[in-house]
Amino acid sequence: MVTELTTPRPEGDTRPAAAHRARDTTRWDIQGLRAFAVLAVVLYHLWPARLHGGFVGVDVFFVISGYLITGHLLREQQATGRIRLGPFWARRAKRLLPGAFVTILATGVAVLAVVPSALWGQYGRELIASTLYAQNWELAASAVDYLDSENAASPFQHFWSLSVEEQFYIGLPLLLVLLSLALRRRTSPLVRARLLLGTVVVVSLAWCVVQTATSPGVAYFSTGTRAWEFALGGLVATVRLPVVRTGVGRAARTGLATVGALALVASLVVITPATPFPGIAAALPVLGAAVLVTVGAGTVFEQLGALRPVAFTGRISYALYLWHWPLVVIVPIALGHPMGWRTKLAVLVVSFLLATVTTVAFEEPLRFSRRMRTLRPRRVALLGAVATVVVVALGASTLGAVHVQQVQAATFAHELAQGDAPCFGAAAAIGTAKPCVNPRLADVRVPAPSAAERDDPNRPACWNATFHVCELGTTRGYSKRLIVLGDSHSNALLGAYDAIGRRNGWRIDLAGSGGCYLTTAQQAAPDEAGVRACNAWKQDAIRYVQQHRTEADALVVTHSANLRPVTTPNPGGSGAATEAGLVDAWQQAAGDSLPVIAIRDNPIPRADVIVCVSRMSGATDDSCDQPRSVALTPSDSSAAAMRTFHADGGRGSVIDLTKYYCTQTTCPAVIGGVLVYRDSSHVTGTWATTLEPYLSADLRAAMTPSRG
């Protein structure tokens, strides 16, 4: 998002880059490009429906950074014959760290003061990742982790681009130094830079296109898929065109710059959040920005960039980028409702005010002070390390508080489950004729909302994109053997299955995969690699059941009714295709001899159920409950598929646990003192454990001859 210098000035020039500086020392066209980029991002975040492609402003910043930093490094290398890594990184630290750390600290305090504790765990991790400039990899990991993919946007999320940029600042000078040592006597610094940057452009762009198609979540945040944007900016910095301010030369430059500007404007319209990105689509804003930084000097865009409002926006662009996003995330949480247009305008104004104060009253006076200018790289590194520890400590304390809540909730839940706690969890039987009410549980909510995310009994051995079976319950001398297959909604019941197996002396073979379940129908997936992996998992699952169906007593299947739906071009719709896919898979796997037991999917809660519950104090109320009519749609396809399966000669039944989740009108978020959900789709491990006696009884009944 930022480079040390507002404009490409000679090394050693440490004067403030104020908007009124002389035109012959400032690239006002680049300053204007900065203003365009930051406004595109800010307006997109505030009004995404109005400016669909505003997020491409980040790509523009990447090109600018590549252009300016490469130019600085090359000038130093050509003038002195070397690149001094210590001073270079010290300048980066002086420019980046003060504003970033102030923003992170202020945002962290706001999180503790305003944000429900249910979000502290995620926000604490991202605070630390942002401080260490590894936020892009934190988000990339969440993007590919099926169980973390529903994380809410955090006020630190925008640090992903700053992390990529910092990694570029570390990698580029190192590579230039290494290449210089390898080819010192054979080529000039300019040739070496072109060789390095050209190679990065080709390799990174190719990888960007491939990974956007195969793993778009990682591609968006990956340093490898974004490196070509910096490298292209650096590559054009090795091309020095004379600035011609009159005649045909000026007209040609203006024409080319206009083409670049039109490409940037077009990218705001033709690129949308639905566009596979970055991929080849990123070439439009990246090439547009590269053209402008190459030929913008001496054109009308220089004049536009020198306009005081534009120049000042470019000057504060780094701080504006830092401050606007935390406000976009935290203000709605503080208000308790989405922002209206008046609130958004207020956020825009406050963002500009904070950016102005940060830049003019803090960053620039600090960076250009005599003490800071004379500070040696080692001292800068020491101060940076101390500041990093201080900021990271805030994130660590947040995570520590969450951990304490987790331990307390887990201990309390264990004591309740093992002790005298009538009506605990599913035992409340809220949908039966005689629900159980225990006044002692009126203000109990376990696990704590802040601990709900990790209240997951899943195990790596039972959960894989490639088919793998883990054994639960009694693994030797067992009386019955069940095979359990499904997606994350199936594995959310893993704790209950393990307890059922141990209590009844059963062996339970369980296998799960993210968003993938036992069907021959094609399911939606975020990328082609996910589709292929899911199809392979299904084939292996069917094959496993076929190999062991003579030894097993039942095949148990569960799947989410609303995640990764079946895709079909048929006019019958996805409902018919879903049922047909289930029946076909059951027939192939179980044949006409092995009973199939389908468990109806859990009801779907409110999207903000965890945050909602975390706001409760005192007795649990119904403010976070979901109407039954909403919670049970889309309807589960298991019952319809089972009727068809029966008609075709198959054996099986459906277990419906809805009466433990819902009354006749609502499906509560907290039942019998237990928080039912750990996110907007999956149940908590604590809740699943309380279901164990009822699920166990239903499984026993389903395997009796009369139910065959």
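The buried residues of H21 are Val531, Cys534, Trp537, Lys538, Ala541, Ile542, Tyr544, Val545 and His548, where buried means under 20% relative accessible area with a 1.4 Å probe, protein chains only. They cover an arc of only 160° around the axis, which puts them on the same side of H21; the arc is that of the directions from the helix axis to the C-beta atoms. Helix H21 spans residues 528-548 and reaches 31 Å from its first C-alpha to its last, close to the 30 Å expected at 1.5 Å a residue, that expectation being 1.5 Å times one less than the number of residues. Helices (H or I, at least four residues) and strands (E, at least two) are DSSP runs, numbered from the N terminus.

This is a predicted model, in which local features need pLDDT of at least 70 and side-chain atom pairs count only at pLDDT 80 or more, whereas totals for chains, interfaces and linings use all residues. Residues are numbered from 1 along each chain as its sequence is written, and side-chain values use heavy atoms, with hydrogens and water left out.

Six strands form an open sheet of mixed pairing, in the order S1-S3-S2-S4-S5-S7, two strands being paired if DSSP finds at least two bridges between them. Its edge strands are S1 (470-473) and S7 (652-655), each of which pairs on one side only. Within the sheet, strand S2 (residues 480-486) and strand S4 (residues 554-558) pair in the parallel sense over five bridges, and leucine 485 has valine 557 as its bridge partner in S4. Helix H27 (residues 685-702) packs on the sheet, touching S2, S3 (506-512), S4, S5 and S7, and its direction makes about 165° with that of S7; contact means heavy atoms within 4.5 Å, and axes are lines fitted to C-alpha atoms, for helices over the stretch in contact, with angles running from 0 to 180 degrees between N-to-C directions.

The largest nonpolar core has 102 residues, and those with the most contacts inside it are Leu33, Tyr123, Leu172 and Val293; such a core is a set of buried Ala, Val, Leu, Ile, Met, Phe, Trp, Tyr and Cys residues joined through side-chain atoms within 4.5 Å. Its largest share, twelve residues, comes from helix H14 (residues 317-335). Apart from this core lies another, of 54 residues, among them Ala428, Ile599, Cys624 and Val676.

Helix H2 (residues 57-80) is mostly covered, with 20 of its 24 residues buried, and glycine 81, which follows H2, has a positive phi near 85°.

Key. Buried < 20%, exposed > 50% of the residue type's maximum accessible area, 1.4 Å probe, protein only.
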